Amino acid sequence: MNSAAKPLTGAPLSDGEVDFLWWFIQGSLMDADVRARLHLHWGLCARHSLAFFVVESSFRPHLIHGCTILYSELMRRAAKHLSDEGIHSLIPDRLALHFLRTTGPCHICDLGYGPHSPGNAPRERLDQGRDMSSATRFASENRSGWRPHVCGICSGSGSAALCRPHLIAAMEADGGKCAGEQRELVKNISSHMDRFDNSFRWEQRGTDTAEDRGALIAAIGWCSGWRSLLDGPLGDLTADAAAEQPTRSRGGRAGEQEIALPERPPTRNTGGSDGR
Ligand SMILES: [Zn+2]
Ligand SMILES: [Zn+2]
């Protein structure tokens, strides 16, 4: 089975999830209250952040703008919290740790949508929304932009890169000292996301590179963890990823601990939020 035909992690997207996300990409994302909730959770849970990307890329393969707007904002914020420049350098790493945590539920989980939610949209629309072909193609064509950023713990590759949930675990373990090691990675994703976001402007069209587009996947993985992405559309694209990644320079694998704290009642392999 190729990755385009694989179901979403744990269970395929339900009719209700596809139906909700179809409306979501039509404009609810721009609602100020919704945007605020998305910021409180650093996006969406692992399942729904992947779902957002899959649904938007299936309906708008050349205009994945909703995801880009959200994740460029989130990565700019992450870069600010981890910055060692100007006034931000005065923020103690322990306070940065506080800012990196989620402070609200996943917006879509909180509305009650999950793997078994019914929906009554036309069958053709539901099938199209569940189809990961476009997401997989986008990931494949722009792999140079995300592969160096795959979290070494989520993937088990030994890479020094960490996603936000594993960075939090590492900072909790070492008092925040490891924040500096991840600073450049976060700044790199953020700057490429800004370039990708700018390329949606008419006067900037065509200026984006594979690294800029691929940063969208890196941003989703950084915010919510990589497991759902790796089990889904990236599954067949990571074979030689480890060779492109920096490996850990130190013996300890700080932060290599299970991310527990499921936000929803624990169900196996749903890719639900870990709550961090
Ligand atoms: Zn969710
Ligand atoms: Zn991770």
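This is a predicted model: local features need pLDDT of at least 70, side-chain atom pairs count only at pLDDT 80 or more; totals for chains, interfaces and linings use all residues.
Residues are numbered from 1 along each chain as its sequence is written, and chains are lettered from A and ligands numbered from 1 in the order in which they are written.

**The overall picture**

The protein chain averages a pLDDT of 83, and 79% of its residues score at least 70. You'll find 13 helices and 0 strands here. Helices (H or I, at least four residues) and strands (E, at least two) are DSSP runs, numbered from the N terminus. Confidence is lowest in helix α5 (residues 93-100), with a mean of 81, and highest in α12, at 97.

How much of the chain is buried? Of its 276 residues, 46% count as buried. The cut-offs go like this: a residue is buried if 20 or more other C-beta atoms lie within 10 Å of its own, exposed if 12 or fewer, and partly exposed in between, with C-beta atoms placed from the backbone. As for who touches whom, take the contacts between residues at least 6 apart in sequence: 80% of them join residues at least 24 apart.

**The core**

A nonpolar core is a set of buried Ala, Val, Leu, Ile, Met, Phe, Trp, Tyr and Cys residues joined through C-beta atoms within 7 Å. The largest one has 68 residues, and Tyr71, Met75, Ile189, Leu216 and Ala219 touch the most other members. Helix α12 (residues 210-224) gives the most to this core, with 8 residues. Pick out tyrosine 71 and skip its neighbours within four places in sequence: its contacts are Gly43, Met193, Leu216, Ala219, Ile220 and Cys223.

Helix α10 (residues 164-174) is worth a look too. Because 8 of its 11 residues are buried, α10 is largely enclosed by the rest of the structure. Those buried residues are Arg164, Pro165, His166, Leu167, Ile168, Ala169, Ala170 and Met171. Just after α10, glycine 175 takes a positive phi of about 75°.

**Helices that cross**

Two packed helices are described by the angle between their axes and the distance between the axes. Axes are lines fitted to C-alpha atoms, for helices over the stretch in contact, and angles run from 0 to 180 degrees between N-to-C directions. Here are two pairs:

| Helix pair | Angle | Axis distance |
|---|---|---|
| α3 (residues 46-59) and α8 (residues 133-141) | about 95° | 7 Å |
| α1 (residues 15-26) and α7 | about 90° | 9 Å |

The angle makes α3 roughly perpendicular to α8, and α1 is likewise roughly perpendicular to α7. Angles under 35 degrees count as roughly parallel, over 145 as roughly antiparallel, 65 to 115 as roughly perpendicular and the rest as oblique.

In the α3 and α8 pair, Phe53, Val54, Ser57 and Ser58 of α3 meet Ser134, Ala135 and Phe138 of α8. That contact has 4 nonpolar, 3 polar and no charged residues. For these classes, Ala, Val, Leu, Ile, Met, Phe, Trp, Tyr, Cys and Pro count as nonpolar, Asp, Glu, Lys and Arg as charged, and the others, Gly among them, as polar.

In the other pair, Asp15, Val18, Leu21 and Trp22 of α1 make the contact with Arg125, Leu126, Gly129 and Arg130 of α7. The α1 and α7 contact has 4 nonpolar, 1 polar and 3 charged residues.

**A few single residues**

Is tryptophan 42 buried or exposed? Tryptophan 42 is buried, with 25 other C-beta atoms within 10 Å. This residue lies in the loop between α2 (32-40) and α3, and has a positive phi of about 55° although it is not a glycine.

Proline 118 sits in the loop between α6 (107-110) and α7 (123-130). With 8 other C-beta atoms within 10 Å, proline 118 is exposed. Beyond four places in sequence, proline 118 touches Asp15 and Gly16. Proline 118 and glycine 16 are 102 residues apart in sequence, yet 4.7 Å apart in space, C-alpha to C-alpha.

Technical notes
Two residues are in contact if their C-beta atoms, placed from the backbone, lie within 7 Å. pLDDT is the predictor's confidence in each residue, from 0 to 100.
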